[in-house]
Amino acid sequence: MTIVDAPIHPLHPDRRTIETGVHLVARSFPQGTRLDPHMHREAQLVYATSGTMQVTTPKGLWLVPPDRAVWVPAKLPHAIDMLADTKMRTLYFDLDWLEGEGHRGRLIHEFVVHVSPLLREVVLALFDGDDDRERASLLVRLLMREMRYAGDSSSFIPLPQEPRCRRAAQMVLAAPADADDIDTLARKVGTSARTLSRRFAAETRLSFKAWCQRARIAAAIERLTSGRHGSIKQLAADLGYASVPAFSHAFRQVTGRSPTEFAAQEEPRRMHARAPTPAAPMRS
């Protein structure tokens, strides 16, 4: 099934409605789970308290580690891949609610949200099981206000639409370490390196080199999140970097952190995600 052919899915039956038009869904998925292309009548904010997701829309790939979330407008086809064991927390918003709150006009396109410490705590508070409707209403409105200042495109990998460029992009995503050989790539898809470079820049607003670097960093984040990276030196070599400093510089440009800092932050999240959930106390 392609993204374009995505069906409309109803909300998960375990949703919790915190006020008319706003719904919460908490789900957990093992690494490797794929939610096939689909869409919802509601808009949604997709966030993982642990784990990393990849959200695919017609525009491209949105990498969503735990310090990011993604806004998905209503009826936008999308698929979600779990790159690690993931605890997903999703807020759904009816269009009437967005209209009434004055948000609908500015939230018609998908985008990645940088999750600040405040935004993270607001989301966690909404999912803590408290049934206080007034509190939930205040938290939701604070969340929507914070999202005005939280846009972040650094983890977005735009996908070109022209067929030869699209095939080239898929090849790079499959083997990002080989991305620099544009001449070989162009021959494989039946065009010239000059044409491929020009079309990539026109369709993605990134140079081919910059686009490939972002694809490499996405692959690095996937491996760092899942714990499959080995040493940072080995990961840099696997992704085609000549040295660890070169890899660290490129990684920091996209994420704002070094690979070592990112890995250190992810380790406790992985351990927490794998820890068994304590049994609920028995009621007498």
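Phe 247 comes out buried, at 0% relative accessible area (buried is under 20%, exposed over 50% and partly exposed in between, with a 1.4 Å probe and protein chains only). The model behind this is a predicted one, where local features need pLDDT of at least 70, side-chain atom pairs count only at pLDDT 80 or more, and totals for chains, interfaces and linings use all residues. Residues are numbered from 1 along each chain as its sequence is written, and side-chain values use heavy atoms, leaving out hydrogens and water.

Phe 247 belongs to an aromatic cluster together with Tyr 241, Phe 251 and Phe 262. Tyr 241 is buried too, at 10% relative accessibility. The ring centres of Tyr 241 and Phe 247 are 5.2 Å apart and the planes meet at 40°, so this pair is tilted (rings of Phe, Tyr and Trp, the last by its six-membered ring, pair if their centres lie within 6.5 Å; planes under 30 degrees apart are stacked, over 60 edge-to-face, the rest tilted). Tyr 241 also has the charged end of Arg 216 sitting over its ring, 4.8 Å from the centre (the criterion is NZ of Lys or CZ of Arg within 6 Å of the ring centre and within 35 degrees of the ring normal).

In total, the structure has eight aromatic pairs. One of them, Phe 200 with Trp 211, is edge-to-face, with 5.2 Å between centres and 70° between planes. Phe 200 sits in helix H6 (residues 193-204) and Trp 211 in helix H7 (residues 208-226), so the pair links parts 11 residues apart in sequence (helices are DSSP runs of H or I with at least four residues, strands are E runs of at least two, both numbered from the N terminus).

Elsewhere, six strands make an open antiparallel sheet in the order S1-S2-S9-S4-S7-S10 (strands pair if DSSP finds at least two bridges between them). Strands S1 (16-19) and S10 (111-114) are at the edges with a single partner strand each, so one side of each has no neighbour in the sheet. Four bridges join S7 (residues 68-72) to S10, and Trp 71 stands opposite Phe 111 in S10.

Helix H3 packs on this sheet, touching S1, S2, S4, S7 and S9, at about 85° to S1 (axes are lines fitted to C-alpha atoms, for helices over the stretch in contact, with angles from 0 to 180 degrees between N-to-C directions). Val 140 lies in H3 (residues 133-146) and is buried at 0% relative accessibility. Beyond neighbours within four places in sequence, Val 140 contacts Ile 18, Val 22, Phe 93, Trp 97 and Leu 126 (contact is heavy atoms within 4.5 Å).
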